[in-house]
Amino acid sequence: MPASPKRPPIRDRAYLDWVRTQKCVITDRTGADVDPAHLRTGLVVGLNIKPDDCFVLPLSNCLHQRQHRIG
């Protein structure tokens, strides 16, 4: 269930650390260049509220930054 103003988002540091060890789903890069990128498409969340940590994909840092610029 997505986070809402009534419920804080679920955070899991260990899971995010594990996602950082995976290959980027687009470029196949690994290592320090991979970030857990929160997905917002199709989720009902408020502005400036990240979805729960279960809604992440490993993306290379440059693609993750691009995701933030594009929105």
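Predicted model: local features only at pLDDT ≥ 70, side-chain atom pairs only at ≥ 80, totals over all residues.
**Group meeting: salt bridges and a buried strand**

D53 counts as buried because its relative accessible area is 3%, while R11, with 41%, is partly exposed; here buried means under 20% relative accessible area, exposed over 50%, and partly exposed in between, with a 1.4 Å probe and protein chains only.

Residues are numbered from 1 along each chain as its sequence is written, and side-chain values use heavy atoms, with hydrogens and water left out.

As for the overall layout, the protein chain has two helices and two strands, and along the sequence they follow the pattern α-β-β-α; helices (H or I, at least four residues) and strands (E, at least two) are DSSP runs, numbered from the N terminus. Of the 71 residues in the protein chain, 25% are buried. The chain exposes about 5,100 Å², of which carbon and sulfur atoms supply 59%, these areas coming from the Shrake-Rupley method with a 1.4 Å probe, and for residues only the protein chains shown count as cover. Among contacts (heavy atoms within 4.5 Å) between residues at least 6 apart in sequence, 60% join residues at least 24 apart.

Let me turn to strand β1, residues 34-38, which is mostly covered, with five of its five residues buried. In a regular strand the side chains alternate between the two faces of the sheet. In β1, V34, P36 and H38 point one way and D35 and A37 the other, and all are buried. Strand β1 is joined to strand β2 (residues 56-60) by five bridges, and the two run antiparallel; strands pair if DSSP finds at least two bridges between them. Within that pairing, H38 stands opposite V56 in β2.

What is P36 in contact with, leaving aside its neighbours within four places in sequence? The partners are L16, V19, R20, V56, L57 and H64. P36 counts as buried because its relative accessibility is 10%, and its C-alpha atom is separated by 5.9 Å from that of V19, 17 residues apart along the chain. Although P51 and H38 are 13 residues apart in sequence, they are 6.5 Å apart in space, C-alpha to C-alpha.

Finally, back to the charged pairs, for a search of the whole structure finds four salt bridges. In helix α1, D17 and R13 lie four residues apart, about one turn of the helix, and form a salt bridge with closest N and O atoms 3.5 Å apart. R13 counts as exposed because its relative accessibility is 63%, whereas D17, with a relative accessible area of 34%, is partly exposed. R13, D17 and R20 are linked in a network of salt bridges. D33 forms a salt bridge with R29, the closest N and O atoms being 3.0 Å apart; D33 counts as partly exposed at 24% relative accessibility, and R29 counts as partly exposed at 44%.

Conventions: Salt bridge = Lys/Arg side-chain N within 4 Å of Asp/Glu carboxyl O.
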